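Take a first look at the chain shown here.

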Amino acid sequence: MKPSSVVFFCIMVSALLLLRTPTAAESATCDPTLLKPCAAAFLFSTRPSSLCCSRIKSQVPCYCQYLNDPSLSGYANGGKKVAAACGVSLPSC
């Protein structure tokens, strides 16, 4: 392969990697502390705030990861109720 062909190939591969669309899980920042505004809704079944609902929506791609985390899985039922109150559908894991 000529050096110019190698350079062209490398540029094309780099461009394709930069232009690809990230998956939902890649674009979401999976950080359970972002759900802090939902604490009262999770723990005391209070009505979730609009901030809580927007955070729930942003964390939907992370739901299965949280469900599989032993330190967070205990909040799964509360999370389902809060998500439902926000009108958010959670994935099946």
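How much accessible surface does the protein chain have, and what share of that surface belongs to carbon and sulfur atoms? The surface comes to about 6700 Å². Carbon and sulfur atoms hold 63% of it. Keep in mind that this is a predicted model.

Start with the overall plan. The protein chain has 6 helices and 0 strands. Read from the N terminus, its elements run α-α-α-α-α-α. The chain has 93 residues, and 23% of them are buried. Now consider how the parts of the chain meet. Take the contacts between residues at least 6 apart in sequence. Of these, 66% join residues at least 24 apart.

What covers the buried residues?

Asp31 sits in the loop between α2 (24-27) and α3. Is Asp31 buried, exposed or partly exposed? Asp31 is partly exposed, with a relative accessible area of 26%. Buried would require under 20%, and exposed over 50%. Set aside the neighbours of Asp31 within four places in sequence, and Asp31 is in contact with Gln59 and Tyr66. Asp31 and Cys62 are 31 residues apart along the chain. Their C-alpha atoms are separated by 8.3 Å.

Tyr66 leads on to the last stop, the largest pocket. Rolling a probe the size of a water molecule over the atoms shows where empty space is left. The largest pocket holds about 440 Å³ of space. It is lined by 19 residues, and the closest to its centre are Pro32, Leu35, Phe42, Tyr66 and Tyr75. Which elements give two or more residues to this lining? They are α3, α4, α5 and α6. By type, the lining residues divide into 15 nonpolar, 3 polar and 1 charged.

Now go back to the picture with two residues in mind.

Technical notes. Residues are numbered from 1 along each chain as its sequence is written. This is a predicted model: local features need pLDDT of at least 70, side-chain atom pairs count only at pLDDT 80 or more; totals for chains, interfaces and linings use all residues. Side-chain values use heavy atoms; hydrogens and water are left out. Helices (H or I, at least four residues) and strands (E, at least two) are DSSP runs, numbered from the N terminus. Buried means under 20% relative accessible area, exposed over 50%, partly exposed in between (1.4 Å probe, protein chains only). Contact means heavy atoms within 4.5 Å. Accessible areas come from the Shrake-Rupley method with a 1.4 Å probe; for residues, only the protein chains shown count as cover. On a 1 Å grid over the protein atoms alone, a cavity is a set of points where a 1.4 Å probe fits but cannot get out, and a pocket is an open set with protein on both sides within 12 Å along at least five of seven lines; lining residues have an atom within 4 Å of a point. Grid points are joined across faces, edges and corners, and a volume is the space filled by probe spheres set on the points. Ala, Val, Leu, Ile, Met, Phe, Trp, Tyr, Cys and Pro count as nonpolar, Asp, Glu, Lys and Arg as charged, and the others, Gly among them, as polar.
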